[in-house]
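Here are my notes on the model, as numbered points. Please read them with the structure open.

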Amino acid sequence: MASRNTERDGTMRTLLATNNGRWAQESYETASRDAGRRSRQLRKLGYKVAVGSMGPQVTPVGTVKLTMVTVAPGIHEDTFGIPAIEEIRFDA
């Protein structure tokens, strides 16, 4: 399946993001390769990052392969300071 982010402008886009201060999670469409770019960005800033495949997930626009990025504070006090990222929504 082709990535829905066909018009790339260098902006990373997440489909779901949550942050409670102790950890943060963001999901990305696997085909966009944004999960890898985001994990490298956060590691360079001192956060501890784990990346894992979520496999195919059913969304309002069909089945999409997703990748989850989990962020821990690392050298920081919490995860509230991670750089903001654009969050997109799938509309039915």
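1. The sheet. In this predicted model, four strands form an open sheet, ordered S2-S3-S5-S4, with antiparallel pairing. Strands are DSSP runs of E, at least two residues long, and helices are runs of H or I, at least four residues long; both are numbered from the N terminus. Two strands count as paired if DSSP finds at least two bridges between them. Strand S2 (16-19) and strand S4 (48-59) stand at the edges with a single partner strand each, so one side of each has no neighbour in the sheet. From one strand to the next, the twist averages 20°. Angles run from 0 to 180 degrees between N-to-C directions, and axes are lines fitted to C-alpha atoms, for helices over the stretch in contact.

2. Basis of the numbers. Residues are numbered from 1 along each chain as its sequence is written, and side-chain values use heavy atoms, with hydrogens and water left out. Local features need pLDDT of at least 70 and side-chain atom pairs count only at pLDDT 80 or more, while totals for chains, interfaces and linings use all residues.

3. Overall layout. The chain has one helix and six strands. Along the sequence they follow the pattern β-β-β-α-β-β-β. Of the 92 residues in the chain, 36% are buried. Buried means under 20% relative accessible area, exposed means over 50%, and partly exposed lies in between (1.4 Å probe, protein chains only). Take the contacts between residues at least 6 apart in sequence: 66% of them join residues at least 24 apart. A contact here means heavy atoms within 4.5 Å.

4. Strand pairs. S4 and strand S5 (residues 62-72) form a hairpin. Two residues lie between them. Their antiparallel pairing extends over 11 bridges. Within it, Val 49 stands opposite Val 71 in S5. S3 and S5 also run antiparallel, joined by six bridges.

5. The helix on the sheet. H1 lies across S3, S4 and S5. Its angle to S4 is about 160°. Which residues of H1 are buried? They are Asp 34, Ala 35, Arg 38, Ser 39 and Leu 42. Seen down the axis of H1, these buried residues fall within an arc of 130°, so they line one face of the helix. The arc is that of the directions from the helix axis to the C-beta atoms. The buried residues of H1 pack against strand S1 (13-14), S3, S4 and S5. After H1 comes Gly 46, with a positive phi near 100°.

6. A salt bridge is a side-chain nitrogen of Lys or Arg within 4 Å of a carboxyl oxygen of Asp or Glu. The count by this rule is two. One of them joins the side chains of Arg 38 and Glu 26, at 2.9 Å from N to O. Arg 38 is in helix H1 (residues 34-44) and Glu 26 in strand S3 (residues 24-29), so the pair ties together parts 12 residues apart in sequence. Arg 38 is buried, at 1% relative accessibility. Glu 26 is buried too, at 3%.

7. Salt bridge within the helix. The side chains of Arg 37 and Asp 34 meet at 2.8 Å, N to O, in a salt bridge. The two residues are three apart in H1, which puts about one helical turn between them. Arg 37 is partly exposed, at 31% relative accessibility. Asp 34 is buried, at 0%.

8. Surroundings of Glu 26. Neighbours within four places in sequence aside, Glu 26 is in contact with residues including Thr 14, Leu 16, Arg 38, Met 68, Ile 82 and Ile 85.
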